[in-house]
Amino acid sequence: MTVQSAVRIAVLAPQVADQIAAGEVVERPASVVKELVENALDAGARAIRVEIEDGGKSLIRVSDDGEGMARPDAELALSRHATSKIREAADLIGVGTFGFRGEALPAIASVSRFELETSPDGATGTRLRVVGGKREGVEDAVRRRGTTVTVRGLFFNMPARRKFLRAQATETRAVAEAVTLLALTRPETAFTLSSDDRTLIDARPAADAIERVAALWGGALADTLLPIARREGPLEVRGFAQRPAQAKPTGRKGYVFVRGRPIRDPFILRAGEAGYRSTLAPDDRPSLILFLDLPGDAVDVNVHPSKLEVRFRDKFFVEKVVEEAVREALGPLAAAAPLGVGGQGLGIGGSWAGPGADLPGGAPQDLFGSGPLTPDPRSLAPLLQVFDTYIIFQSDSGVAIVDQHSAHERVLYERVMHQLTGDGAPAQRLLLPLTLEFSGAELEAVEAHRELLRRVGFEAEAFSGRSVSCTPRPTRTPDSTRRAASRSSSPISPEGDSARSPTGWSASRRRSPVARPSRRASGSRWRRCGNSCSGCSARRCRPTTCTAGPRWCNCRVGS
């Protein structure tokens, strides 16, 4: 007698299969935006608008003016593995579109309240509604040529997935990053992203890639980038590399695009950084935007569920060409950073004139002085600035080298912390509001720390897009007021400190010369002032006769 065991293997229902596929394609709201925008680009859209609410958890709407669909195609598009991009397996080699699997729309529709509006000609249109993978209805619609996809209540039928979504600000930042990446691939296409009726990205059609970079991240970053252009064999590398002098430890932009598709490949970015060799400080990370173009049979794009990774036939060759391309871009003189402004003397914002040049003053200088070798413990030697970046002075134990930018940042940090733990900072109300533009991440930081900013003297209000208006600002310190007055009589003059730092809180930049003291002052010694005197905050005064007190206490501090 034989006993038959119960069948334990079963074919999953289509709705369950769609939700499993959604787990691979739809990770978060940014994944939905990425798939829908890629479909719009594949349809030839010239203008794409993305709207989200609550970081995309409540609403995602993507509208485009590309090639719409007739009703039969629209209904078939919501079926799994239905696509217009490929017909057979051979088409996967060298596929030039973003999407080709036909999984995105049914996967998104299975985990949301989904609505599709489309029209191929602007005369006839179709509206489809799907809730949790079940088709609710199909009806006629009136709309212009193009497609609009609306996704509400993402993961409403999967509470376990929904509770793993991040905070609204985090999801909004991820959506902005996805739109930014795709906007870089098509400079000729207009992109708009709004979050809760606030515009985060407004990139109009651009003539070239550098113009699109300036629209997305501002002209300040675009001005630091050098063009990359190199072709070797079948591989062409284009893009931008940041000048070594402008590289920073944080805030770098590192993106790689292969055949117009954004991918994640840290090894290619590392190869690009290798092109800098020893021109970077150990902790600095330069911004790199790399576009790689090579034949379709040399790269496989069908190796990742979200198509964020590719496989090269010869990866070492690709990395070698990328490294050489970056090194070649850094070769011209335009990549070099100036050592300072000429004509000011070596070490004080000046540049070296070379061997044999006359030293300032025209008189021969002694290489070794005749004074005592032991430093005077009661005084400090005059300061020396090197490369407009470092301040060098003699101390009791040796030679001290100070990064002027880091030192000034520390001073500002201590001042702000003192205000936050005290009664706050005094502020003055401006006659005309100050308008400042921020990136998406900076704007979120301003919103999150509005109360802390108010305590240090700033009151920022939303203005338009990524701009905020600031009416009160911290009252200037006597030092900064004196410097601004010496530069210009107008507090908003382009030559004054306000133009360089409207808030008055900007630290001195690297490669910026400090004010040079007069010949008489530079030869004098600084001494500790043991007497209190109005206006003497540093208590370090020059040895001169004070009309209001003891010798060397007239409080002429600074430059």
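Okay, one term before anything else: when I say salt bridge, I mean a side-chain nitrogen of Lys or Arg within 4 Å of a carboxyl oxygen of Asp or Glu. With that in hand, here's the bit I like: Arg230, Glu232, Lys320, Glu324 and Glu328 are joined up in a network of salt bridges. Keep in mind that what's on the screen is a predicted model.

Let me walk you through a few.

Start with Glu38 and Lys34. Their closest N and O atoms sit 3.0 Å apart. Both belong to helix α2, which covers residues 29–42, and they're four residues apart, so about one turn of the helix. Buried or exposed, these two? Glu38 is buried, and Lys34 is as well.

Next up, Asp140 and Arg71, whose side chains meet in a salt bridge at 2.3 Å, N to O. Asp140 is in strand β5, residues 134–141, while Arg71 is in helix α3, residues 71–76, so this pair ties together parts that are 69 residues apart in sequence. Asp140 counts as exposed because its relative accessible area is 59%, and the cut-off for that is over 50%. Arg71 comes in at 30%, so we call it partly exposed.

Then there's Glu236 with Arg238, where the N to O figure is 4.0 Å. Glu236 is partly exposed at 24% relative accessibility, and Arg238 is partly exposed too, with 39%.

You'll find Gly153 in the loop that runs between β6 (146–152) and α5 (159–162). Why do we call Gly153 buried? Because its relative accessible area is 14%, and buried means under 20%. Which residues does Gly153 touch, if you skip its neighbours within four places in sequence? Those contacts are Lys57, Ser58, Val111, Ser112, Arg113 and Arg162. Take Ser112: along the chain, Ser112 and Gly153 are 41 residues apart, yet their C-alpha atoms are separated by 5.5 Å.

Last stop, the surface. Phe387, Tyr390, Val399 and Ile401 make a nonpolar patch of about 420 Å². One of those, Ile401, is part of strand β18, residues 399–403. Ile401 has 57% relative accessibility, so Ile401 counts as exposed.

Technical notes: Residues numbered from 1 in each chain as written. Predicted model: local features only at pLDDT ≥ 70, side-chain atom pairs only at ≥ 80, totals over all residues. Heavy atoms only, no water. Patch = residues over 30% accessible without salt bridge, like charges linked within 9 Å, V, L, I, M, F, W, Y side chains within 5 Å. Areas by Shrake-Rupley, 256 points an atom, 1.4 Å probe, with all protein chains shown as cover. Helix = DSSP H or I, 4+ residues; strand = E, 2+ residues; numbered from the N terminus. Buried < 20%, exposed > 50% of the residue type's maximum accessible area, 1.4 Å probe, protein only. Contact = heavy atoms within 4.5 Å.
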